[in-house]
Each structure stands twice: as structure tokens, then as C-alpha cells.
Amino acid sequence: MHRYLCLLCGHTVSVLPLLRLTYRCLAVARLQAHFDGQAKVSCGLDPPPGTTEAGCLQRAWNRFLTRADRLKDAFGQMLPAEIHSPEQLWKELRRAVGSTEEMLRFLAQNCKCSLLGDYACLRPAP
Ligand SMILES: [Zn+2]
């Protein structure tokens with residue numbers, strides 16, 4: 001992973017490789033396939049996850065369930081006014097935004113946050 005040091009203020013900036021998630025040991029494609037399965041957009045992961053990955057995916061989904069209001073605010077008018085469940089929210093995100101990679105890029109650029117958390121590392125240094 002590339003890491004840069006600002007010689008003026010001493011802050012470091014790490015550049016997350018494409019297709020990785022902040023603080024999660026999960027590939028974006030696997031997370032997307034799992035979330036699609038949870039929202040019944042697809043029938044889930046192929047190949048199926050092992051025990052460790054299954055645990056990570058379940059924790060990620062549980063976290064997503066707590067993020068509905070934050071994400072509705074972030075994507076605003078890209079989403080319909082009436083969203084009644086996290087599963088529906090995921091379907092609408094996939095329809096309106098596209099891939100999980102595009103969601104992550106939009107959130108980082110426009111809202112300085114991520115799908116599963118508002119991390120200090122995505123905000124500009126003070
Ligand atoms: Zn600096």
C-alpha cells in the first residue's frame with residue numbers, strides 16, 4: 001500500500017488499493033455479491049464463503065443495517081423519497097449509483113465518508 005508523508009505538517013496519507021474496503025478484510029466484489037444476496041438482487045455468493053469470510057460479510061451487512069439514514073442523506077435525491085428497508089435501500093443504490101466501487105467513490109469524494117463508516121481517515125487533515 002502506498003503511503004505519503006507531508007513534510008510540512010507531518011501527516012501521512014495512505015492510498016487504499018482499488019477494490020479494497022476501509023478497515024475491512026473483504027474484497028469489494030465479494031461484499032457486493034453478499035449484499036446483493038441479502039437484498040435478493042441475486043442468489044448470493046459463488047463460490048460460497050468460508051467461515052472467516054462469512055463472518056466478515058455478516059458483520060459488514062449488520063453494519064450496513066445501521067447506516068440506512070446516513071446513506072439516505074449522503075445520496076439524497078439520487079434515491080426515491082420512500083425507502084422502507086435496508087434491503088430496498090441496497091437495491092436502490094445499485095439501481096441509481098451502480099457498483100459498490102462507484103458508491104465508495106461517490107461517498108469518499110462528496111461526503112468524506114464510506115459505505116460502512118464515517119472514518120476520520122477520509123476527512124481532510126485539520
Ligand atoms: Zn500537510
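**View 1. Tyr4, Val13 and Val15 make a nonpolar surface patch.** The patch covers about 290 Å². This close-up, like those that follow, is drawn from a predicted model. Val15 sits in strand 2, which spans residues 12–15. Its relative accessible area is 41%. Val15 therefore counts as partly exposed, as the value falls between the 20% and 50% limits.

**View 2. Cys6 and Cys9 are the protein donors of the zinc ion.** Each cysteine donates through its SG atom. The two donors lie 2.2 to 2.3 Å from the zinc ion. Cys6 has a relative accessible area of 32%. That value makes Cys6 partly exposed.

**View 3. Phe64 and Trp90 form an edge-to-face pair.** The count of aromatic pairs comes to six. In the pair shown here, the ring centres of Phe64 and Trp90 are 5.5 Å apart. Their planes stand at 90°, so the pair is edge-to-face; the cut-off for this class is over 60 degrees. Phe64 belongs to helix 2 (residues 51–65). Trp90 belongs to helix 4 (residues 86–96). The pair therefore ties together parts that are 26 residues apart in sequence. Both Phe64 and Trp90 are buried.

**View 4. Phe75 and Phe106 form a stacked pair.** Their ring centres are 4.9 Å apart. The planes meet at 20°, so the pair is stacked; the cut-off is under 30 degrees. Phe75 lies in helix 3 (residues 68–75). Phe106 lies in helix 5 (residues 100–111). The pair links distant parts of the chain, 31 residues apart. Phe75 is buried, at 2% relative accessible area. Phe106, at 22%, counts as partly exposed.

**View 5. Ring pairs join Phe35, Trp61, Phe64 and Trp90 into a cluster.**

View 6. Leaving aside residues up to four places away in sequence, Arg30 touches Leu45, Asp46, Pro47, Pro48, Pro49, Glu53 and Leu57.

Notes
Residues numbered from 1 in each chain as written. Predicted model: local features only at pLDDT ≥ 70, side-chain atom pairs only at ≥ 80, totals over all residues. Heavy atoms only, no water. Donors = N, O, S within 2.8 Å, 3.2 Å for Na, K, Ca; no water. Buried < 20%, exposed > 50% of the residue type's maximum accessible area, 1.4 Å probe, protein only. Phe/Tyr/Trp six-rings, centres within 6.5 Å; stacked < 30°, edge-to-face > 60°. Helix = DSSP H or I, 4+ residues; strand = E, 2+ residues; numbered from the N terminus. Patch = residues over 30% accessible without salt bridge, like charges linked within 9 Å, V, L, I, M, F, W, Y side chains within 5 Å. Areas by Shrake-Rupley, 256 points an atom, 1.4 Å probe, with all protein chains shown as cover. Salt bridge = Lys/Arg side-chain N within 4 Å of Asp/Glu carboxyl O. Contact = heavy atoms within 4.5 Å.
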